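Colleague: Could you walk me through how the two chains meet in this one? I would like to go step by step.

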Amino acid sequence: MRGQEAREQAERKAVMATLAQSSGADIVRLWNEAGLPSEAELLRGPETGLVTVRGRIGGGGAPFNVGEATVTRATVRLASGQVGHCYALGRDREKARLAAIADALWQDPARRGEVETRLVAPLRAAQDEAREKRRAETAATKVDFFTMVRGED
Amino acid sequence: MYVAVKGGEAAIANAHALLADRRRGDRSVPALRLDQIVEQLALGVDRVMSEGSLYDRELAALAIVQARGDMIEAIFLVRAYRTTLPRFGYTKAIDTGAMLVERRVSATYKDLPGGQLLGPTFDYTHRLLDPELAAGGDVTEPLQRASEAEAMPRVSAILAREGLIEPDGDMPGDHVPGDITREPLEFPMARDIRLQALSRGDEGFLLALGYSTQRGYARNHPFVGEVRIGEVELELDVPELPFAVPLSSVRVTECQMVNQFKGSAKAPPQFTRGYGLVFGQSERKAMAMALCDRALRATEFGEDVVAAAQDEEFVISHSDNVQATGFVEHLKLPHYVDFQAELDLVRRMRAEHDARENADMLEEKKEAAE
């Protein structure tokens, strides 16, 4: 049971990560294509605020404050009772509201598959592709050193 | 007698209307869109985010347009905007070791895990103006090279294996990171607070101080152990969720400066370190920050404090360009009453001075006559 709970939390977190990384326009487009319900009771927000970003001294030492970033959050409740949350960088309120609804829908076993396949999977695939492209472009700038042999022996 | 005056309302309103007109410029030239600034003046946007201490590209782009490209004015606008928003909390500390790296170079190790990745750099360009850019020609897609995702440990971890370098900076176990946006500056300050101030500090000021250390004012033999630029994920602990909520990622630049240190009464010979971490892509700022961080640790290593870059109160009190510009630029606002008082004072002193001189002259004449 513990293991299953932890796995489910990890999956839910991964869904939230994918949604937070996505643009509002992409979420709206897939949302409409999938015909997901976009109505829910707003319990909080959507509202924009700040988080203070922390780094670590020397990269791995004690934490220190680097600066702030804008974050928009929303909390919704579905008619079926599930409560969903979203926190995402930026100031896109509609994105935060839809992502919170997606989080709530995902918690409904009857809806989870639909959210995963119609919304999260395409977003995740696009993000993976973009990340791989970035990595490959950077890799093309890797320095290959070669040794110049000089002298007699 | 002091008589209060007011006026200038119409002049101010008209001046602001004129500013709006000049900001827009020639109407036959298309107006800039924010996405153009975000995409094509990205490093300017990064500077505003770093020194404005607010990670939000669109807001930084808006600030740049509103400020007509005056970076310090744009930074001022962003700082002012920040104060209008509530704070949701402090993120978990970012892990730069897990960065999606876009550039990573080391000047101390040729072969290191993950390699030297030049990324989108100005280094090795010839600094020749490119007329083709003015013509707005097409740009080819960059090359790609298939590669296994390779771990890229921080260079400091490699040196640490030999025990010849000091560890990442630790603070006492119960230390809560200080926050200069919440508490006033107090000297001497802990290193974590200094780093927060340096990270939002003025690039030009830190660059000049870093340069001064290289030229011999608090020389500390620096090497760039590593500079890396890329995206790191942010997570926030919130009460409503049983796990840290992922917020998406930000681009940062990190610099590990490695400094030769001959040892002192307080520490054996080893490499010491300076650290730089800033929002966006700005290795000049991150490197300057790391040089200043190391110089400001002089007392920690028992070094003599002899140069400006080592003087914590001097550096940190003057590194914030919004404060600096506020105090310098306020001088142009009306000081009519202050100046009137000074004028009266100088007139009085001059009259007393002249009276004294006349008296002395009379005295001398009298003595000469006798």
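Modeller: Happy to. One term first: helices here are DSSP runs of H or I with at least four residues, numbered from the N terminus. Keep in mind that this is a predicted model.

Colleague: Which residue just after α4(B) takes a positive phi?
Modeller: The helix α4(B) covers residues 57-66 of chain B. Just after α4(B), a positive phi of about 55 degrees is taken by B:Arg68.

Colleague: Against which elements do the buried residues of α4(B) pack?
Modeller: A residue counts as buried when 20 or more other C-beta atoms lie within 10 Å of its own. In α4(B) the buried residues are B:Arg57, B:Leu59, B:Ala60, B:Ala61, B:Ala63 and B:Ile64. Their packing partners, in chain B, are α2, α3, β1 and α5.

Colleague: Which element gives the most to the side of chain A that touches chain B?
Modeller: Contact links 49 residues of chain A with 66 residues of chain B. On the chain A side, α1, β1, β2, β3 and α4 each supply at least two residues. With ten residues, the most comes from β2(A).

Colleague: Which residue of β2(B) stands opposite A:Thr52?
Modeller: β1(A) and β2(B) run parallel and are joined by three bridges. A:Leu50 faces B:Arg87 there. Opposite A:Thr52 stands B:Tyr90.

Colleague: And which residue takes a positive phi in the hairpin of β1(A) and β2(A)?
Modeller: These strands pair in the antiparallel sense over 13 bridges, and A:Arg56 stands opposite A:Pro63. Six residues lie between the strands, and the positive phi, near 70 degrees, belongs to A:Gly58.

Technical notes. Residues numbered from 1 in each chain as written. Chains lettered and ligands numbered in written order. Predicted model: local features only at pLDDT ≥ 70, side-chain atom pairs only at ≥ 80, totals over all residues. Contact = placed C-beta atoms within 7 Å. Pairing = 2+ DSSP bridges. Buried ≥ 20, exposed ≤ 12 C-beta atoms within 10 Å, placed from the backbone.
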